Amino acid sequence: MLEQKFSQLLAGLRGHPGLGQLNHGLEKEALRIDRHGYLSKKPHPNALGSSLTHPSITTDFSEAQLELVTSVHSSIESCMQEMEEIHRFVYEVLDSELLWPSSMPCMLRGEKSIPLADYGSSNLGKFKRVYRQGLALRYGKYMQTISGMHYNFSLPNSLWAHYAKLRGVEDSIEFRNQSYLGLIRNFRRYAWLLVYLFGTSPAVCGSFLAGRAHELEPFDGESYYLPYATSLRMGPLGYQSTEQGRHYLSYNTLADYRKSMLPLLSKPHPQYEELGLHSSNGEYQQLSLSLLQTEAESYTPIRPKPKAKCSLRPLLALEKQGIEYLEVRCLDLNPFFSTGIDRTTLYFLDAFLLLSLITPSPRDSQEHWEEDQRSQSMVVERGRDPNLEIIVDGKFRSLHHSGRTVLDLVEQVARLLDEIDGGSKHKDAVVLQKEKLQNPSKTPSALLLQQMATWEKSYYRTIETLSKQHRDDLQKQPLSESRRQHYHELATQSHRDQRELEVSDTRPFEHYLEDFMQLELSE
């Protein structure tokens with residue numbers, strides 16, 4: 001019955017032009033490193049614009065951690081072109097520095113060597129700064145230097161209207177919310193597959209492990225790894241929170257999501273309450289005493305997002321205005337690509353996400369969530385182990401067999417998308433993933449370890465070599481004068497916007513923070 005319904009939806013979607021207008025956007029984090037290979041101590045380059053107000057070039061946790069953001073595109077090609085352009089402009093501005101192209105960080109010299117991002121004197125700038133101080137206090141700065149790639153995805157309005165008709169309902173905010181939540185539930189069930197296919201952090205620099213307990217094995221005198229690991233970034237040593245890992249978030253309805261998120265945002269957490277809201281000098285050192293300072297602190301593989309420009313805080317905006325798009329957060333940077341990701345990966349993700357949308361999605365539960373967490377953890381550390389079995393629908397099953405079942409369905413959706421494009425890019429992307437599933441040595445995590453062995457270089461030296469290659473390749477294709485001028489104008493305007501914001505912002509920060517922290521959600 002479920003297979004018949006899936007086939008009917010596929011047939012109903014066939015040929016609809018909206019399939020060729022899916023919305024895409026990328027957000028890439030990347031560390032700036034100096035000529036000696038350490039995290040840069042220089043402030044955010046003025047020529048790149050204001051990190052507070054620039055639409056495309058900002059910073060994440062550290063002043064030396066760039067975040068490069070594309071606008072929304074209806075084609076993967078134009079999305080990737082913009083990301084490549086942004087990289088070229090950044091390298092025209094950087095002097096002797098490089099962009100670190102891997103998720104796990106470069107050589108580090110202790111917490112004091114990692115500068116927090118500075119956003120100026122406006123209330124918004126102070127808010128972003130204090131939030132990062134809270135992250136440093138709670139998790140340590142080393143964890144925050146881990147970088148990743150976020151993929152933003154949504155359906156165009158024309159496709160929503162057609163899809164609602166296929167499902168026999170009226171197109172509405174409620175229908176879209178429920179459809180997106182169903183997609184999230186399916187995504188969480190199969191996130192382990194993405195970690196296997198695209199995880200590219202099987203090793204770390206020894207400096208990252210200084211003073212930390214771990215079970216990694218020495219690769220050489222400078223690097224540590226696990227033989228079958230795929231994405232240490234997604235494991236205990238990565239961008240994860242043990243405390244958050246104890247709390248189940250439900251995606252059955254927006255009301256359930258709100259109900260499970262609200263205590264994390266509003267109730268004091270003993271550990272953070274003991275740290276205190278203010279430091280010894282009376283300055284704010286975290287935004288709140290709750291488990292999550294803001295919704296952005298929730299470390300989930302995929303996240304529902306409201307409209308990008310909205311004055312309401314995210315949880316309230318979701319309730320009032322609905323889900324605008326989804327943010328995929330479980331992707332490592334692939335150091336073999338200058339932008340951290342390639343077009344083939346995006347073609348696959350579109351088919352995978354569309355499959356997750358139209359496939360019937362069982363309601364989630366605490367038990368199912370724990371199974372998903374366990375499967376993901378096993379793939380993080382042992383994903384390329386040919387004997388690995390993961391938990392799927394309550395039973396231990398071969399990763400290879402389970403992955404093949406999913407990829408066969410993804411391929412059907414990929415062929416549907418290719419009919420619109422008139423090519424085979426989506427299907428070819430799925431075929432490549434099937435090859436990785438059949439032969440683990442073709443996964444990017446295995447390829448990175450192979451590269452380290454071939455070059456006889458440590459993790460750090462291998463990634464440094466790749467970063468220099470990327471810089472040289474990007475500089476061989478400089479921006480056109482019109483595009484260079486475009487980015488210069490964005491930078492200049494962003495500085496103006498920050499100054500205007502600081503001049504006009506006269507409210508006390510305490511009042512600004514109190515207003516944001518109010519969660520007056522309807523029952």
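**Reading the model**

Analyst: Start with an exposed residue: Asp393 has 54% relative accessibility, so Asp393 counts as exposed. Buried means under 20% relative accessible area, exposed over 50%, and partly exposed in between, with a 1.4 Å probe and protein chains only. Asp393 sits in the loop between β11 (389–392) and β12 (395–398). Helices (H or I, at least four residues) and strands (E, at least two) are DSSP runs, numbered from the N terminus.

User: What should I know about the model before going on?

Analyst: This is a predicted model, in which local features need pLDDT of at least 70 and side-chain atom pairs count only at pLDDT 80 or more, while totals for chains, interfaces and linings use all residues. Residues are numbered from 1 along each chain as its sequence is written, and side-chain values use heavy atoms, with hydrogens and water left out.

User: How many helices and strands does the chain have, and why does its radius of gyration agree with a compact globule?

Analyst: The chain has 17 helices and 12 strands. The radius of gyration is taken over C-alpha atoms, and the globule rule is 2.2 Å times the number of residues to the power 0.38. For 523 residues a compact globule would have a radius near 24 Å, and the chain has 23 Å, so the two agree. Along the principal axes, the C-alpha atoms fill a box of roughly 65 × 60 × 50 Å.

User: What share of the residues is buried, and what share of the contacts joins residues at least 24 apart?

Analyst: Of the 523 residues, 56% are buried. Contact means heavy atoms within 4.5 Å. Taking contacts between residues at least 6 apart in sequence, 75% join residues at least 24 apart.

User: Which residues touch the most other members of the largest nonpolar core?

Analyst: The general idea comes before the case. In soluble globular proteins, nonpolar side chains tend to be buried together. A nonpolar core is a set of buried Ala, Val, Leu, Ile, Met, Phe, Trp, Tyr and Cys residues joined through side-chain atoms within 4.5 Å. Here the largest such core has 143 residues, and Phe187 and Phe348 touch the most other members. Helix α6 (residues 173–198) gives the most to this core, with 15 residues.

User: Is His44 buried or exposed?

Analyst: His44 counts as buried because its relative accessibility is 9%. His44 lies in the loop between β1 (23–33) and β2 (57–59). Leaving aside neighbours within four places in sequence, its contacts include Arg32, Gly49, Glu63 and Leu66.

User: Where is Gly422, and how far is it from Tyr151?

Analyst: Gly422 is in the loop between α12 (399–421) and α13 (425–438). At 70% relative accessibility, Gly422 counts as exposed. Gly422 and Tyr151 are 271 residues apart in sequence, and their C-alpha atoms are 24 Å apart in space.
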